[in-house]
Amino acid sequence: MNTAESESTANRGRPSRLTAERVIDGAVALADQIGTDALTIRKLADALDVKPMTIYHHVANKDSIVDGMVDLVFSEIQLPPTHEPWREAILVRCRSMREVLARHRWAAPLMETRTSPGPATLRHHDAVLGCFRTAGFSLELTGHAYAIIDAFLYGFALQESTLPATAGDDIAGLAVSIVEQMPADRYPHLAEFTACRVLQPGYDFGHEFDVGIDLVLDGLAHAAEAEGAA
């Protein structure tokens with residue numbers, strides 16, 4: 001066996017060399033399992049099969065790790081395609097963002113909290129702003145559009161991630177359980193909505209996303225037309 005083969009055999013099964021990227025990747029994977037409240041340096045070190053102090057050779061502290069985690073999540077969100085009209089381009093970004101936040105359910109409350117945003121975060125915000133500005137939105141309307149869209153996106157992601165059930169047999173069972181405890185004569189509208197909407201075949205709370213984002217974009221399109229006319 002030559003030297004290279006000997007080294008390959010010796011290294012087989014060992015974890016790859018720790019880097020800042022591996023620390024961040026490991027932190028995101030662990031947060032996906034246990035959330036960020038339970039995420040500690042010791043738990044992260046155990047997941048990476050290293051000693052806790054080793055992590056500090058690559059990142060300064062837990063805040064730096066969270067900064068990197070948020071930036072990694074932003075890097076997974078598709079940017080608005082520059083060759084599409086603004087509405088279609090923003091819709092691509094919104095649907096991608098919803099999918100990413102569903103994968104990383106811990107992320108939504110942290111996405112806009114960082115005071116040291118990374119390159120992916122900055123690139124993302126610049127691209128979204130650029131989409132509106134290229135479409136002719138004023139700076140004022142661009143600010144309104146970005147704030148309103150993200151309020152809907154983050155709010156929907158939080159609601160979707162915290163609901164005890166959203167579709168299928170799970171939500172049907174939950175709805176029946178609630179109805180059984182609820183006097184229909186005292187809460188007639190809630191009883192009607194549950195029976196005639198939630199308990200109907202095919203109901204899925206997730207379908208509200210497309211309806212909601214279309215309503216938001218319809219309003220912005222109207223505002224953009226009014227601004228152009230003015």
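**Rings and helices: a quick tour**

Let's start with Phe209, which is buried, with a relative accessible area of 1% (buried means under 20%, exposed over 50%, partly exposed in between, using a 1.4 Å probe and protein chains only). Before I go on: this is a predicted model, where local features need pLDDT of at least 70 and side-chain atom pairs count only at pLDDT 80 or more, while totals for chains, interfaces and linings use all residues. Residues are numbered from 1 along each chain, and side-chain values use heavy atoms, leaving out hydrogens and water.

So who sits with Phe209? Phe156 is buried too, at 6%. The ring centres of Phe156 and Phe209 are 5.4 Å apart with planes at 70°, so this pair is edge-to-face. For Phe, Tyr and Trp (its six-membered ring), rings pair if their centres lie within 6.5 Å; planes under 30 degrees apart are stacked, over 60 edge-to-face, the rest tilted. Phe156 is in helix 8 and Phe209 in helix 11, so the pair ties together parts 53 residues apart in sequence. Helices here are DSSP runs (H or I, at least four residues), numbered from the N terminus.

Ring pairs link Phe152, Phe156, Phe205 and Phe209 into a cluster.

Now, over to helices 2 and 3. They pack at about 110°, with axes 10 Å apart; the axes are lines fitted to C-alpha atoms over the stretch in contact, and angles run from 0 to 180 degrees between N-to-C directions. That makes helix 2 and helix 3 roughly perpendicular (65 to 115 degrees; under 35 is roughly parallel, over 145 roughly antiparallel, the rest oblique).

Notes: Helices (H or I, at least four residues) and strands (E, at least two) are DSSP runs, numbered from the N terminus.
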